[in-house]
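Colleague: I would like to learn how to read the features of a model like this one. Please take me through them in turn.

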Amino acid sequence: MTQPITLRVARTAPRLTLTLGLVITVALLLMPFLALLPATHPLAISTYTLTLVGKILCYAVVAVALDLVWGYAGLLSLGHGLFFALGGYAMGMYLMRQAAGEGLPAFMSFLSWRELPWFWAGTDSFAWALCLSMLVPGLLALLFGFFAFRSKIKGVYFSIMTQALTYAGMLLFFRNETGFGGNNGFTGFTTLLGFSVTATPTRIGLFVATVLLLLLSLAIGFALARSKFGRVLTAVRDAENRLTFCGYDPRGFKLFVWTLSAVLCGLAGALYVPQVGIINPGEMSPANSIEAAIWVALGGRGTLIGPLLGAAIVNGARSFFTVAFPEYWLFFLGLMFILVTLFLPHGVIGLLRRRKK
C-alpha cells in the first residue's frame, strides 16, 4: 500500500512545499483583482482570461474529486460528468428564476407551460439552490453506490455502469417535458444575488469562491490521506480481499468517499455555470467523464496535486489548439494520452519520483 508521492515530498521538504503552496494560493487569490486594472496596464487581464481560468479551476475540482475515488479506492468512475452537471443545473434553476422575475423561465413560456413544476419549488432562493447542488448529486451517488457496492460490483463493470448512468441522465435531460430546457439547457442569466452576472466584481467573487473550493477539496483529500481512513482506502484499492479477511467492511468506506466525491463535483458545477453562462445536457456526455479520467491519469492518480495539473494542462492546451488548430485538437489529446501512458505511467507528477531516484 503506497501513499501519495505528494505526501512523501511534503514530509521530506515541508518548508519548500508549504512556501510553494502559499505562493500559488496567494497568486490565484490576487489574480482576479488584476481584471480591475485599466486595459493599458501591463498586469491587467481580460474578463475572458478570468472566465477561462475560473472554468479550468472548476475542472480541477472535478479532477481532485475523481482522484479520491480512483486514486485511493481504485474505483474508476466514467460518470462524474453527471454529478458535475446536476450541480450546474441546480444553480442554473436559480439563475433562470432570477432572469424571469415574477414570470416563468423563457423556455417554459415557449412551451406554453402555465406553472412551475413541483421540483422547481424554492429555487428562487440562492441558499436552497446551493443545497440542491450538493444534495442531488450526493443522494444519487449514495443510492447508486449503495446498490453497486452491496452487489460487489467493481472493476470494469463498475466503470461501465457509471458510464451508463451518465448517458441515461443525458438522454433524460434532452427531453423538453422534463422541465430542464431540453437540448438548449439553461442560458440567458442576468443576476446573481442581485448583482449582474457579467459584471467584473461578480466574476471576481465567483473566481475567489472557486479557488476556495479547490483548496477545500485538496484539504479534505490530504486529511483523508493522512488518516486511518485513507490507509483503509488504499488497502481497498490494493488488496480488498485481504482487507475483508482482516475484519473490515470495505463497502462503507467506498460509499463514503464515492458520495463525498459526487458532492464536490456538484459544487464545482454550481460555480461553473454562472461563470460560463450556460448549462445543457452536453455536460453529461460520457466523453466528458472520460476526459476527466484522462486529466487524472495525465497528472498522476493517487497524488491529488497531479490531477489538478492534468486538468490545467489538458484544458489549457485545448484552449490553445481549438483556436490555432481546431481540426487537430482531438488528435493531439489522443497523442498526449498515449505518450503519457507509454513514457509516464505515473503521470506528470511521477517525474518527481524519477528525479528523486
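**Reading the model, starting with cysteines**

Modeller: A search of the whole structure finds 0 disulfides, a disulfide being a pair of cysteine sulfur atoms within 2.5 Å. Note that this is a predicted model, in which local features need pLDDT of at least 70, side-chain atom pairs count only at pLDDT 80 or more, and totals for chains, interfaces and linings use all residues. Residues are numbered from 1 along each chain as its sequence is written, and side-chain values use heavy atoms, with hydrogens and water left out.

Colleague: Is C58 buried or exposed?

Modeller: Buried means under 20% relative accessible area, exposed over 50%, and partly exposed in between, with a 1.4 Å probe and protein chains only. C58 is buried, at a relative accessible area of 1%. C265 is buried too, at 0%.

Colleague: How many helices and strands does the chain have?

Modeller: Both are DSSP runs, numbered from the N terminus: helices are H or I with at least four residues, strands are E with at least two. The chain has 14 helices and 4 strands. Its radius of gyration is 21 Å, close to the 21 Å that the globule rule gives for 357 residues, so the chain is as compact as a globular protein of that length. That radius is taken over C-alpha atoms, and the rule is 2.2 Å times the number of residues to the power 0.38. Along the principal axes, the C-alpha atoms fill a box of roughly 60 × 55 × 40 Å.

Colleague: Which residues does the UniProt annotation "transmembrane region" cover?

Modeller: UniProt positions are in the numbering used here, feature names are shortened, and annotations may be inferred rather than shown by experiment. The unreviewed UniProt entry gives residues 16-36, 48-66, 72-91, 126-149, 156-174, 204-225, 255-273 and 328-352. Two of these can be checked against the model. Residues 126-149 are 100% helix and 0% strand, with end C-alpha atoms 34 Å apart. Residues 156-174 are also 100% helix and 0% strand, with end C-alpha atoms 27 Å apart.

Colleague: How should I check the length of helix α11?

Modeller: The expected span of a helix is 1.5 Å times one less than its number of residues. Helix α11 has 14 residues (286-299) and should span 20 Å; its end C-alpha atoms are 20 Å apart, which agrees. Just after α11, G300 takes a positive phi of about 120 degrees.

Colleague: How many residues of α11 are buried?

Modeller: 11 of its 14 residues are buried, so α11 is largely enclosed by the rest of the structure. The cover includes α3 (47-72), α4 (80-100), α7 (156-174), α12 (305-324) and α13 (329-343). E291 lies in α11 and counts as buried at 10% relative accessibility. Leaving aside neighbours within four places in sequence, E291 is in contact with V314, N315 and R318.

Colleague: Where is M284 found?

Modeller: M284 is in the loop between β4 (278-279) and α11, and is buried at a relative accessible area of 0%. Not counting residues up to four places away in sequence, M284 touches G81, L82, A85, L86, Y89, T166, G169, M170 and F173. M284 and F173 are 111 residues apart in sequence, with a C-alpha to C-alpha distance of 9.0 Å.

Colleague: What is phi of S112?

Modeller: S112 has a positive phi, near 65 degrees, in a residue other than glycine. S112 is in the loop between α5 (106-110) and α6 (126-150) and is exposed at 59% relative accessible area. L193 is not a glycine either, and has a positive phi of about 55 degrees. L193 is in the loop between β2 (191-192) and β3 (195-196) and counts as partly exposed at 48% relative accessibility.

Conventions:
Contact means heavy atoms within 4.5 Å.
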